[in-house]
Amino acid sequence: MANGSSVFIGLAVVAALCVAAWFGAPKGENQTTWRSSLIIAFISCYLMWFVTFMSQLHPLIEPRRSGIREGFTSE
């Protein structure tokens, strides 16, 4: 099962990919466009994954079962 360290491992991977995109962008007239596009894509994918991961790790609403007998409810 995943834990909180997955967030930091994912951040390290994305940071490494951003550094690789910075130095590995093809030289030429569109180098800035390549760098910006790759870095923004990596950061956007990480943020989407992060929000999804955190919403599943710490849900705001707890699920309720409807088929529980009266004596076994905790409310």
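Buried means under 20% relative accessible area, exposed means over 50%, and partly exposed lies in between. L38 has a relative accessible area of 30%, so L38 is partly exposed. This is a predicted model. Its helices α1 (residues 5-24) and α2 (residues 31-57) come within 9 Å of each other, axis to axis. The crossing angle is roughly 170°. Angles over 145 degrees count as roughly antiparallel, so α1 is roughly antiparallel to α2.

**The contact of α1 with α2**

- From α1, the contact takes in S6, V7, G10, L11, V14, L17, C18, A21 and W22.
- From α2, the partners are R35, L38, I39, F42, I43, Y46, W49, F50, F53 and M54.
- By residue type, this contact divides into 16 nonpolar, two polar and one charged.

**Helix α2**

- Helix α2 has 27 residues.
- From first C-alpha to last, α2 reaches 39 Å. That is close to the 39 Å expected at 1.5 Å a residue.
- Its buried residues are Q31, R35, I39, Y46 and F53.
- These buried residues of α2 pack against α1.

**The nonpolar core**

- The largest nonpolar core has seven residues. They are V7, V14, C18, A21, I39, Y46 and F53.
- Helices α1 and α2 each supply at least two residues of this core.
- The largest share, four residues, comes from α1.
- F53, one of the core residues, touches A2, N3, S6 and V7, leaving out residues up to four places away in sequence.

**Q31**

- Q31 belongs to helix α2.
- The relative accessibility of Q31 is 17%, so Q31 counts as buried. The cut-off for buried is under 20%.
- Q31 touches A25 and P26, with residues up to four places away in sequence not counted.

**F42**

- F42 sits in helix α2.
- With a relative accessible area of 23%, F42 is partly exposed.
- F42 is in contact with V14, L17, C18 and A21, leaving aside neighbours within four places in sequence. Among these, V14, C18 and A21 belong to the largest nonpolar core.
- F42 and L17 are 25 residues apart in sequence. Their C-alpha atoms are 7.4 Å apart in space.

- S37 has its place in helix α2.
- At 43% relative accessibility, S37 counts as partly exposed.
- S37 and A21 are 16 residues apart along the chain, and 9.3 Å separates their C-alpha atoms.
- L38 also has its place in helix α2.
- L38 is among the α2 residues that meet α1, and L38 is partly exposed at 30%.
- L38 and A20 are 18 residues apart along the chain, with 9.7 Å between their C-alpha atoms.

Conventions
Residues are numbered from 1 along each chain as its sequence is written. This is a predicted model: local features need pLDDT of at least 70, side-chain atom pairs count only at pLDDT 80 or more; totals for chains, interfaces and linings use all residues. Side-chain values use heavy atoms; hydrogens and water are left out. Axes are lines fitted to C-alpha atoms, for helices over the stretch in contact, and angles run from 0 to 180 degrees between N-to-C directions. Angles under 35 degrees count as roughly parallel, over 145 as roughly antiparallel, 65 to 115 as roughly perpendicular and the rest as oblique. Contact means heavy atoms within 4.5 Å. Ala, Val, Leu, Ile, Met, Phe, Trp, Tyr, Cys and Pro count as nonpolar, Asp, Glu, Lys and Arg as charged, and the others, Gly among them, as polar. A nonpolar core is a set of buried Ala, Val, Leu, Ile, Met, Phe, Trp, Tyr and Cys residues joined through side-chain atoms within 4.5 Å. Buried means under 20% relative accessible area, exposed over 50%, partly exposed in between (1.4 Å probe, protein chains only). The expected span of a helix is 1.5 Å times one less than its number of residues.
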